[in-house]
Number of protein chains: 2
Amino acid sequence: MSLPHALLTALLEKPSSGSELTRRFDRSIGYFWSATHQQIYRELGKLEQAGLIRALPSPVPTRGQRKEYEVLPEGRAELRAWVDRREDPRVSRDPLPLRLRAAGVVGVGDLLPELVRHRDLHRARLEEYREFERRDYPGGPRTEQERVQLLVLRGGIDMETGWVSWLTRAVEELSGTAGAPEAGGSADGDVS
Amino acid sequence: MSLPHALLTALLEKPSSGSELTRRFDRSIGYFWSATHQQIYRELGKLEQAGLIRALPSPVPTRGQRKEYEVLPEGRAELRAWVDRREDPRVSRDPLPLRLRAAGVVGVGDLLPELVRHRDLHRARLEEYREFERRDYPGGPRTEQERVQLLVLRGGIDMETGWVSWLTRAVEELSGTAGAPEAGGSADGDVS
DNA sequence: ACCCATTTTGCAACTTGTTGCATAATGAGG
DNA sequence: CCTCATTATGCAACAAGTTGCAAAATGGGT
């Protein structure tokens, strides 16, 4: 239930069309939420129908035509309410550690290069975020809104740092062992 | 497409029934993958029908009766193939940073106590993981499989560390500012 | 023997996210 | 003016995850 609120936030920051939003979801909003353009268009339709946003008056209302949306007071109120809502943290759900654990049972095989690849991807993203920080907030945040945006960016930085640190260690550890396949048995119980 | 593989992994580590698996998904597997019991039962059905696992012979095949599953060679092969598959990292998708960013637009309101609550939850989980590490691997991992499981646990630790570090900073920053609501305008553009 | 709380398994409906493709406008180059 | 690549919007089918509920077994008490 977060995509509509992500859209409301993005639209309050700046009224946009669907494709603009898609691009923005690949950038700033993207470090903590992703969405495909189809999700975005569908959701924009729902939000409009629910009376939370509206399309800015446009000459032609047909297909293939840019359509800009802005948030209505009802949308702002809904977002306000959402911010104050209590919601428990999500359980993480990432396949990579899972694959590593599977490798513990069926043998490491070719997983090591994949770990290296992921480490490098996360490293690159981390660098990118740090670059944003330097470039966009050179003297620190200047408004309250920037302050919060910078905080969120730092969230991305902390998460990526966690990944890099983990993957670096994992690659080190597994490089020591040549990937000998595990013996077949499905033996003893669950650890922890 | 990871749940079936999570199940295969868990079943290879130890053949189990649906409810046992549900419990195990709340514990060890749970630090990087979660699933409800309905997801698990449904998926077990599919895996059985696909010939990747089979129910151990049981007296009565009716409802409400425990049913243990074990992995067939085909299931092991599928898991093996999955481990070697390339797959790009997921984009994160967590509502909390999103809510913070929304707060930058509609005002911070009551978000601070929520951040504190999350910080404490993550702190608690981090402590729990560290406890697992101490308790289950006192002298380091003893087998190759334990080595991998410990690595995965450390993944959980690194992620939780990232959360705690971020939330600690966020709470500090926002405590300075009394939560004054932002002015209404939907003004300037997207940062970064 | 019966009742009742608990455990285990499961169905059904719904929401959210993904993939593949289609259609309309736009604008540059011939 | 026409073509063609690009951009913007959108439909439809599917896959994955969530929620609410319920039936069958189990294992006490009484």
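**Close-up views of a two-chain model**

**View 1. A buried glutamate in chain A.** Glu13(A) is buried, because its relative accessible area is 1%, which falls under the 20% limit for that class. The model shown here and in the other views is predicted. Glu13(A) belongs to helix α1 of chain A, which covers residues 3–13. Its side chain makes a polar contact with the side chain of Gln149(A), at 3.3 Å.

**View 2. The interface between chain B and chain A.** In this interface, 88 residues of chain B are in contact with 87 residues of chain A. The area buried between chain B and chain A is about 8,900 Å². Carbon and sulfur atoms give 58% of that area.

**View 3. A salt bridge that joins the chains.** Arg117(A) forms a salt bridge with Asp88(B). The closest N and O atoms of Arg117(A) and Asp88(B) are 2.8 Å apart. Between chain B and chain A, the count of salt bridges is 6. Residue pairs in polar contact between chain B and chain A, with both residues at pLDDT 80 or more, number 34.

**View 4. The side of chain B that touches chain A.** Several helices of chain B each supply at least two residues of this side: α1 (3–13), α4 (73–84), α5 (95–106), α6 (111–136) and α7 (144–176). Helix α7(B) gives the most, with 19 residues. Sorted by class, the side of chain B that touches chain A has 35 nonpolar, 22 polar and 31 charged residues.

Technical notes
Residues numbered from 1 in each chain as written. Chains lettered and ligands numbered in written order. Predicted model: local features only at pLDDT ≥ 70, side-chain atom pairs only at ≥ 80, totals over all residues. Heavy atoms only, no water. Contact = heavy atoms within 4.5 Å. Buried area = accessible area lost by both parts, 1.4 Å probe. Salt bridge = Lys/Arg side-chain N within 4 Å of Asp/Glu carboxyl O. Polar contact = N/O pair within 3.5 Å; in protein donor to acceptor, adjacent residues only side chain to side chain. Helix = DSSP H or I, 4+ residues; strand = E, 2+ residues; numbered from the N terminus. Nonpolar A, V, L, I, M, F, W, Y, C, P; charged D, E, K, R; others polar. Buried < 20%, exposed > 50% of the residue type's maximum accessible area, 1.4 Å probe, protein only.
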